[in-house]
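Subject: Structure for you, with notes

Hello,

Here is the structure I promised to pass on. My notes follow below it.

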2 protein chains.
Amino acid sequence: MKDQQCNFCRSDAPKLSAEQAQAEMRVIPDWVLVKDADALKLKREFSFVDFASALAFTNRMGAFAESIGHHPDLLTSWGKVEVVWYTHKIGGLQQGDFLSAIETELLYQREK
Amino acid sequence: MKDQQCNFCRSDAPKLSAEQAQAEMRVIPDWVLVKDADALKLKREFSFVDFASALAFTNRMGAFAESIGHHPDLLTSWGKVEVVWYTHKIGGLQQGDFLSAIETELLYQREK
């Protein structure tokens, strides 16, 4: 568990270059790589049948985030949740953000 | 209760003009009036001590939204929640959005 935590949230993890991040995108084809205030971020919108289902997913994401000590931005609105992963401390993406996006994908597929 | 619901979420409520909306802003001085994709919206960011407290507020907002049948956009991130009210159906603001913002303010003051 300690090792797994490390993979997600190492504060000393190297920041990926734009080229490295772009190459990693193949593992999460439904996500987009965006540049926001000079930081690269991973973004995907997930759809739900209503507000309550969207909020339930936000809470599952919240529990996951607390378990790994790394927190996404979660935009909850009627029938959708937009999830954004990046690492605030390094102002960009590290390997753990891709692992977090993959886990997000699994959480959605498993329980939607 | 039925009357109260009506105040918040009437789908036949008149859309406020930019001038009317601006005049209403005096009742919610900590909020900003923004234009997003041609729609006027009410926005405020609320601060919290950590992610869990922010997510708890998102859930209180969710319960309130479900109770009135009118749903804001809720951007939850570490230590903050950005709340955006507007009425999708009319592509802008109605009186109920201001009532919702006032209630949001009260929920934050009461339980932060």
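Between chain A and chain B there are zero salt bridges (a side-chain nitrogen of Lys or Arg within 4 Å of a carboxyl oxygen of Asp or Glu). Polar contacts do occur: three residue pairs, both partners at pLDDT 80 or more. A polar contact here is a pair of N or O atoms within 3.5 Å; within protein, one must be able to donate a hydrogen and the other to accept it, and residues adjacent in sequence count only if both atoms are side-chain atoms.

Some ground rules. This is a predicted model, where local features need pLDDT of at least 70, side-chain atom pairs count only at pLDDT 80 or more, and totals for chains, interfaces and linings use all residues. Residues are numbered from 1 along each chain as its sequence is written, chains are lettered from A and ligands numbered from 1 in the order written, and side-chain values use heavy atoms, with hydrogens and water left out.

Now the interface. In chain A, 16 residues are in contact with 16 residues of chain B (heavy atoms within 4.5 Å). The two chains bury about 1,200 Å² between them, 67% of it on carbon and sulfur atoms. Buried area is the accessible area (1.4 Å probe) lost when two parts are put together, summed over both. Phe51(A), His71(A) and Leu74(A) supply 33% of what chain A buries against chain B, more than any other three residues.

Helix H3 (51–68) and strand E3 (73–77) of chain A each give two or more residues to this side. H3(A) has the largest share, with eight residues. Helices (H or I, at least four residues) and strands (E, at least two) are DSSP runs, numbered from the N terminus.

E3(A) also pairs with E3 (residues 73–77) of chain B, antiparallel, over three bridges. Strands pair if DSSP finds at least two bridges between them. Leu75(A) stands opposite Leu75(B).

Next, the chains themselves. Chain A has four helices and four strands, in the order α-α-β-β-α-β-β-α. Of its 112 residues, 46% are buried (under 20% relative accessible area, 1.4 Å probe, protein chains only).

In chain B, five bridges join E1 (residues 32–36) to E2 (residues 39–47), running antiparallel. Asp36(B) stands opposite Ala39(B). The two strands form a hairpin with two residues between them, and Ala37(B) in the turn has a positive phi of about 50°. E2(B) pairs with E4 (residues 80–85) of chain B too, antiparallel over six bridges. There, Arg44(B) has Val83(B) as its bridge partner.

Best wishes

Definitions and conventions
Buried means under 20% relative accessible area, exposed over 50%, partly exposed in between (1.4 Å probe, protein chains only).
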